[in-house]
Amino acid sequence: MGCTGPKSVIEVRNGLTFLDLIVKQIEALNAKFGCSVPLLLMNSFNTHDDTLKIVEKYANSNIDIHTFNQSQYPRLVTEDFTPLPCKGNSGKDGWYPPGHGDVFPSLMNSGKLDALLAKGKEYVFVANSDNLGAIVDLKILNHLILNKNEYCMEVTPKTLADVKGGTLISYEGKVQLLEIAQVPDEHVNEFKSIEKFKIFNTNNLWVNLSAIKRLVEADALKMEIIPNPKEVDGVKVLQLETAAGAAIKFFDRAIGANVPRSRFLPVKATSDLLLVQSDLYTLTGEGYVIRNPARSNPSNPSIELGPEFKKVANFLARFKSIPSIIDLDSLKVTGDVWFGSGVTLKGKVTVAAKAGLKLEIPDGAVIADKDINGPEDI
């Protein structure tokens, strides 16, 4: 998305960032229950310094905010598996953060795990900061406490938009996570089938802190390694990563909980940002992003924006205001397109600017079930 710093500082709604919304949610939780739920932010060495500056603005909130760094590992040169820093690349480019599976050892190594246990904390709710649907749900927490579940992965029904998402399988008598990267090429289509694998991992995880300590101390979290090929200054390198969801098989009485789609609202691209900034969602005073009940279709419109919209700055520049999409089924935009303010899009809309030509959608335009290729089509 063209971010140079942490993604959690992108403005989502009403000038509020992902982090602002998370802080509001926890403030509301602490105020409602008279408790002190802390917020922990796991950073990589790439985002640590920026995050420290950003959290200063919350100094007067009623939340205890902690930051800690995850590990950094040397990238491996694919040709001979030598660590890249050994080849003379001693800067940041020689290293990488090894995926979110590293959250468990990093909680321990940073001292945060022992500090939480010393305060009587029992469970941690882990989620990606860009998932606006990942909010504390006491129904889930109560279930885990009653049933002594050490680990819970929230899963939700798969749609055609989620075919690459990891799924839960029963293997060797254990619940395990299966990621697309682990599937042989000849079985990828089978993996993507929404008939065969009906759920996928939202990466909202609830984990017992004492269990994390027990397993990390015993060095028992041997998650599958996911090789991630990259290129640095023309050199092909490998990053060996792990996923937090893959830890499910090591915890006692681990479960998957099938949750509503509303708990999975990630912003991975500017097309997702368009959805959450539009009238399809509203923002509550407690920082919750709620779907507008005025939309009758249970699924969100499919949005496909061309490369001109890929970076957040370009995306924001090309929309004078975010269009109304409450009745939109699908939108596909290609070429040099600019949207005026107060535009309404309905049904199936395609906007394609001809090569080398700028196409402006005028203020207040209402476009329903149309292919727009030039001003004459509006």
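1. Domain spacing. The C-alpha centres of domain 1 and domain 2 lie 33 Å apart. Domain 1 covers residues 70-263 and domain 2 covers 270-377; these bounds come from an automatic or database domain assignment.

2. Basis. This is a predicted model, in which local features need pLDDT of at least 70, side-chain atom pairs count only at pLDDT 80 or more, and totals for chains, interfaces and linings use all residues. Residues are numbered from 1 along each chain as its sequence is written, and side-chain values use heavy atoms, with hydrogens and water left out.

3. Overall build. The protein chain has nine helices and 24 strands (DSSP runs numbered from the N terminus: helices are H or I, at least four residues; strands are E, at least two). Its radius of gyration is 22 Å, close to the 21 Å of the globule rule for 378 residues, so the chain is as compact as a globular protein of that length. The radius is taken over C-alpha atoms, and the rule is 2.2 Å times the number of residues to the power 0.38. The C-alpha trace spans about 70 × 55 × 45 Å along its principal axes.

4. Burial. Of the 378 residues, 47% count as buried (under 20% relative accessible area; exposed is over 50%, partly exposed in between; 1.4 Å probe, protein chains only).

5. Aromatic pairs. The whole structure holds nine aromatic pairs. Rings of Phe, Tyr and Trp (its six-membered ring) pair if their centres lie within 6.5 Å; planes under 30 degrees apart are stacked, over 60 edge-to-face, the rest tilted. One of the pairs is Phe191 with Phe197: the centres are 5.8 Å apart and the planes at 40 degrees, so this pair is tilted. Phe191 counts as buried because its relative accessibility is 2%. Phe197 is also buried, at 16%.

6. A link across the chain. Phe200 and Phe264 pair edge-to-face, 5.0 Å centre to centre with 80 degrees between the planes. Phe200 sits in strand S12 (residues 199-208), while Phe264 is in the loop between strand S15 (255-258) and helix H8 (270-277); the two are 64 residues apart. Both Phe200 and Phe264 are buried.

7. Cluster and charges. Phe309, Phe315, Phe319 and Phe339 form one aromatic cluster. The charged end of Arg318 sits over the ring of Phe309, 5.5 Å from its centre. Lys158 lies over the face of Phe191, 5.0 Å from the ring centre. For such a placement, NZ of Lys or CZ of Arg must be within 6 Å of the ring centre and within 35 degrees of the ring normal.
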